[in-house]
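The sequence and structure are shown first.

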Amino acid sequence: MQLEQISMERLEIPFKQSFSHAAATRKTTETVIVKAISSSGIVAYGEGCPRLYVTGETTVSALQFFEKISTAMYSIQKLDDLRLWVESNRMEINANPAAWCAVELACLDLLAREAGRSVECLLGLPELSGSFQYSAVIGAEEPAAFTIQLQRYLQLGLTDFKIKLSGDFVQDQENITLLRNQPVQLAVRLDANNWGTDAIQVIEYIQALDYSFCGIEEPLSVDDYAGCRNISTALELPVILDESFLNGADFENLIDSASCWIINLRVSKMGGILRALEVADTARELEVPLVIGAHVGETSILTRAALTVAHACRNQVIAQEGAFGTYLLEKDVVRNPLMFGKKGNLDVSRYCGKTGFSMNYHFHESG
């Protein structure tokens, strides 16, 4: 493959409704898109979601990083070149994972399309098959809005939920009571988005909610592993690491207590598919389960990339998030958005063996 042109730009798509949690409230996407064109005229795209409170990135910093490394991308002609660049520039990618993710996804899509193969085939992974089941996600909403969202999910038949804590006990208690009163058994994970200030506070708060949760995500300040271990032990719940697990170097904090943890593996946060697969391999060795996560506002590009990772490590995955498409976005960047349907299922049969990520883009209509 010979790269002819590569560029990055911001993408803003309004949400159909705002989404809130303890760290932020969003009404639009916060995304960068990379467009790559080969000398033969093939066009491919990649996406990254910079988050200041996750990786310290913004769309501005992503664009600055791209300007710094864009010239080097013209030397990438095959997969081995891409792998070598990732290996040789780990520190730069650690500081700019979402920005690099957008570049890598565009390169993988382009390389695979040029070769007439799927991205999975290009990477030596199993072709996509079967279906994937996604979780419902509800933000830190007032009970009235919480009820509306809950009913929509239940009508679709979803029973696996991730709930954002607000830190307002009365509100959280009312919302948990709504979950408790449903006629079907729900599997519920809590996401505190680094709300808690100390382990005892979080332990007492969760105990007072009086619900059999499946795990709690980021209950304390980022990287407070000792406090999270105390919470896990006291509540007999695994702690899901998101902002506190950004790359493979963070495994050193988990080795002595692997049974306490679940890793939220978001492709953008990890710095692309190649690095996400590396983390999944080490997690398997340590027997640390995975949630295949998603940033709020991802388009179908990142949803499709996450499927590559999820399919490669199905036996490790306890839950999968994302695939909201136009449930949340006013419009997506592909003609047939990747979205879960009844019971949270997404059938991927139409993508099996197709070239690249097999996405039919329409950026000229998305603005």
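## Asp191 and Lys164

Asp191 and Lys164 are both buried in this predicted model. The two residues form a salt bridge in which the closest N and O atoms are 2.7 Å apart.

## Asp191 and Lys162

Asp191 also meets the side chain of Lys162 in a salt bridge, with an N to O distance of 3.4 Å. Here too, distant parts of the chain are linked: Lys162 lies in strand β8 (residues 160-164) and Asp191 in strand β9 (residues 187-191), 29 residues apart. Lys162 is buried, as is Asp191.

## Arg189 and Glu321

A salt bridge also pairs Glu321 with Arg189, whose closest N and O atoms are 2.8 Å apart. Arg189 is in strand β9, whereas Glu321 sits in the loop between β14 (317-320) and β15 (345-347); the two are 132 residues apart, and the pair links distant parts of the chain. Both Glu321 and Arg189 are buried.

Through salt bridges that share partners, Asp160, Lys162, Lys164, Arg189, Asp191, Glu217 and Glu321 are joined into one network. The structure holds 15 salt bridges. In general, side chains of opposite charge can pair when their charged atoms come close.

How values were computed: Residues numbered from 1 in each chain as written. Predicted model: local features only at pLDDT ≥ 70, side-chain atom pairs only at ≥ 80, totals over all residues. Heavy atoms only, no water. Salt bridge = Lys/Arg side-chain N within 4 Å of Asp/Glu carboxyl O. Helix = DSSP H or I, 4+ residues; strand = E, 2+ residues; numbered from the N terminus. Buried < 20%, exposed > 50% of the residue type's maximum accessible area, 1.4 Å probe, protein only.
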